[in-house]
Amino acid sequence: MSVSRPSAVRRPPYAVHLGACAAALLLLTACGNTSDTAAPDTAATGASATASAGVAGPQGDGVRKRAAPGPRVPIARPREIPALGPRTRASIPADAKQVLVVTGEDYDSSRSSAVLYTRDDPALGWQPVTTRWPAHNALNGWTDEHWEGDLRSPVGVYGLTHAGGRLEPPRTAFPYDQDPLFSVSGEGFEGEPLEGSFDYVVAIDYNRVPGVTPLDRERPLGQERGGGIWIHVDHGGPTQGCISLTEDRMRELLGALDPAKKPVVVMGDAEALER
């Protein structure tokens with residue numbers, strides 16, 4: 001009896017094809033060249049290698065960019081006294097730390113105003129320490145060359161070194177001479193009473209010896225050049241040559257003046273002070 005051999009099992013053709021593809025895919029994967037694997041970033045690799053060597057790596061397009069400059073900071077300059085010209089400012093002594101600025105409305109005007117400035121910090125410059133005070137000056141206004149009887153106030157920068165008056169002084173560090181001789185009577189140019197005008201006075205060092213009582217009569221430039229130019233209590237009208245402030249402002253001024261600050265007065269019409 002014959003035994004029949006089992007017929008060979010025939011694989012479908014696609015099975016052979018899949019096996020070959022699988023083998024090829026396995027081979028490509030082992031080499032690391034499959035299409036699903038990203039190519040190495042040569043720029044990153046180079047940067048990493050450079051950084052590991054302690055050298056700064058490339059930046060952007062390879063050109064080093066500078067930071068944009070910041071805004072310019074203006075240089076702070078010491079503050080100057082306003083409305084004073086270069087010649088007037090140059091006349092203020094370098095060691096003066098107090099300045100009373102008296103500004104006339106006009107060359108021929110008897111009306112003016114006053115402001116006290118201090119310079120305690122040279123880096124900050126001059127600072128006003130009072131409001132603008134109303135004031136009077138001489139009947140005929142101002143002059144660059146004062147003479148006895150011209151009824152004009154002298155333009156210029158003058159020291160303030162001594163004070164006095166008929167009344168006791170307010171609290172002040174300033175030298176003060178209380179004396180009954182600081183008395184006056186009669187009427188001013190507009191018929192106003194002069195009594196009490198010398199209750200408080202500060203001598204202006206025009207044609208006088210600095211540092212002595214305002215009552216001193218010595219005139220270094222001669223009697224014909226006038227003298228007795230003071231800051232005193234306002235009587236409500238023009239003066240013969242002095243500067244006058246209200247009584248409360250005179251008290252405030254005396255309380256503020258400090259001989260250690262070498263105070264001066266800068267006085268004149270507005271146009272003259274701008275020179």
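Student: Which residue is the bridge partner of Ser112 in β4?
Tutor: Ala135 is the bridge partner of Ser112 in β4. Strands here are DSSP runs of E, at least two residues, numbered from the N terminus.

Student: What kind of model is this?
Tutor: The model is predicted: local features need pLDDT of at least 70, side-chain atom pairs count only at pLDDT 80 or more, and totals for chains, interfaces and linings use all residues. Residues are numbered from 1 along each chain as its sequence is written, and side-chain values use heavy atoms, with hydrogens and water left out.

Student: Back to β2. Do β2 and β4 run parallel or antiparallel?
Tutor: Antiparallel, over four bridges, with β4 at residues 133-136. Two strands pair if DSSP finds at least two bridges between them.

Student: What else does β2 pair with?
Tutor: Strand β1 (residues 98-104) is joined to β2 by seven bridges, antiparallel. A hairpin of six residues connects β1 to β2. Gly104 has Ser112 as its bridge partner in β2. Strand β3 (residues 127-128) is also antiparallel to β2, with two bridges. There, Tyr117 stands opposite Pro128.

Student: How many residues of β2 are buried?
Tutor: Seven of the eight in β2 (residues 111-118). Buried means under 20% relative accessible area, exposed over 50%, partly exposed in between, with a 1.4 Å probe and protein chains only.

Student: Why is β13 largely enclosed?
Tutor: Six of the six residues in β13 (residues 264-269) are buried, so the rest of the structure largely encloses that strand.

Student: Which way does β1 run against β13, parallel or antiparallel?
Tutor: Parallel, with six bridges. Val101 has Val266 as its bridge partner in β13. Strand β7 (residues 156-159) pairs with β13 as well, antiparallel over four bridges. Tyr158 stands opposite Val265 there.

Student: New topic. Where is Ser244 found?
Tutor: In strand β12 (residues 243-245). Ser244 counts as buried because its relative accessibility is 0%.

Student: Which side chain makes a polar contact with that of Ser244?
Tutor: The side chain of Asp234, at 2.6 Å. Ser244 also touches residues including Pro134, Ala135 and His136, leaving aside those up to four places away in sequence. Contact means heavy atoms within 4.5 Å. A polar contact is a pair of N or O atoms within 3.5 Å; within protein, one must be able to donate a hydrogen and the other to accept it, and residues adjacent in sequence count only if both atoms are side-chain atoms.
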